[in-house]
Amino acid sequence: MIKSLKWMGVRTDRYQEMREFYSDKLGLELFDEESDYVDFLLPNGDRVELFAPGSIPDEPLDTPVMGLEVEDVDQARRHFESRGVEFIGPVRQGKTLRWTYFRAPDGHVYELVGPAK
């Protein structure tokens, strides 16, 4: 059901320093940027997003969040819910992706991510 690690999102109090680290030190390619957010594109199409404090307040990004790729987010969510996985909020929809968050037993948040409908 899970195909790959597709996405990583990080909210940080050291936004500018981390932005420069990702771009200047790690050499990640800039894909999109706003005043409180930057999106880097990896060569294989995976994404690394960096968020400033207070950006997207409705997203649970207290620690780095990993996005696990699935073919169908709704189907995968139903499957994992039937196994007792605790999901946080609804399935969300962007321009090209759908995603939904879940909490692991250690309290960390992960997400399932797949193509938009």
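## Starting at Phe31

Phe31 sits in strand β2. This is a predicted model, so read everything here with that in mind. At 47% relative accessibility, Phe31 counts as partly exposed, because buried is kept for values under 20% and exposed for those over 50%. Skipping neighbours within four places in sequence, Phe31 is in contact with Asp39, Phe40, Leu41 and Arg47.

For a sense of scale, take Phe31 and Glu86: they are 55 residues apart along the chain, and their C-alpha atoms are separated by 32 Å.

## The largest pocket

How much space lies in the largest pocket? About 550 Å³. The lining has 22 residues, and the closest to the pocket centre are Tyr37, Asp39, Arg47, Glu49 and Trp99. Two of those names, Asp39 and Arg47, also turn up among the contacts of Phe31.

Which strands each supply at least two residues of that lining? They are β2 (29-34), β3 (37-41), β4 (47-51), β7 (97-103) and β8 (109-115). Sorted by class, the lining has ten nonpolar, three polar and nine charged residues.

Tyr37 belongs to strand β3. Is Tyr37 buried or exposed? Its relative accessible area is 13%, so Tyr37 is buried.

Leaving out neighbours within four places in sequence, Tyr37 is in contact with Tyr15, Asp32, Arg47, Glu49, Leu50 and Phe51. Arg47 and Glu49 are also on the list of residues closest to the pocket centre. As for Arg19, it is 18 residues from Tyr37 along the chain, with 9.1 Å between the C-alpha atoms.

In soluble globular proteins, nonpolar side chains tend to be buried together. Here the largest nonpolar core has nine residues: Val10, Tyr15, Tyr22, Leu28, Val38, Phe40, Val48, Leu50 and Ala52. Helix α1 (15-25), β3 and β4 each supply at least two residues of this core.

Val48 is a handy member to click on. Once neighbours within four places in sequence are set aside, Val48 is in contact with Met8, Tyr22, Leu28, Val38, Asp39, Phe40 and Leu42. Of these, Asp39 is also listed among the residues closest to the pocket centre.

Then there is Ser23, placed in helix α1. Ser23 counts as buried, because its relative accessibility is 18% and the cut-off for buried is under 20%.

Glu69 is found in strand β5 (residues 65-69). What does the side chain of Glu69 make a polar contact with? The partner is the side chain of Ser4, at 2.6 Å. Glu69 is buried, with a relative accessible area of 19%. Apart from neighbours within four places in sequence, its contacts are Met1, Ile2, Lys3, Ser4, Lys6 and Val113.

Over in strand β8 we have Tyr110. Tyr110 counts as partly exposed, since its relative accessibility is 25%. With residues up to four places away in sequence not counted, Tyr110 touches Val65, Met66, Thr100, Tyr101, Phe102 and Ala104. Gly89 is 21 residues from Tyr110 along the chain, and their C-alpha atoms are separated by 12 Å.

Note on methods. Residues numbered from 1 in each chain as written. Predicted model: local features only at pLDDT ≥ 70, side-chain atom pairs only at ≥ 80, totals over all residues. Heavy atoms only, no water. 1 Å grid on protein atoms, 1.4 Å probe; cavity = no way out; pocket = protein on both sides within 12 Å on 5 of 7 lines; lining within 4 Å. Points joined across faces, edges and corners; volume = space filled by probe spheres on them. Helix = DSSP H or I, 4+ residues; strand = E, 2+ residues; numbered from the N terminus. Nonpolar A, V, L, I, M, F, W, Y, C, P; charged D, E, K, R; others polar. Core = buried A, V, L, I, M, F, W, Y, C linked by side-chain atoms within 4.5 Å. Buried < 20%, exposed > 50% of the residue type's maximum accessible area, 1.4 Å probe, protein only. Contact = heavy atoms within 4.5 Å. Polar contact = N/O pair within 3.5 Å; in protein donor to acceptor, adjacent residues only side chain to side chain.
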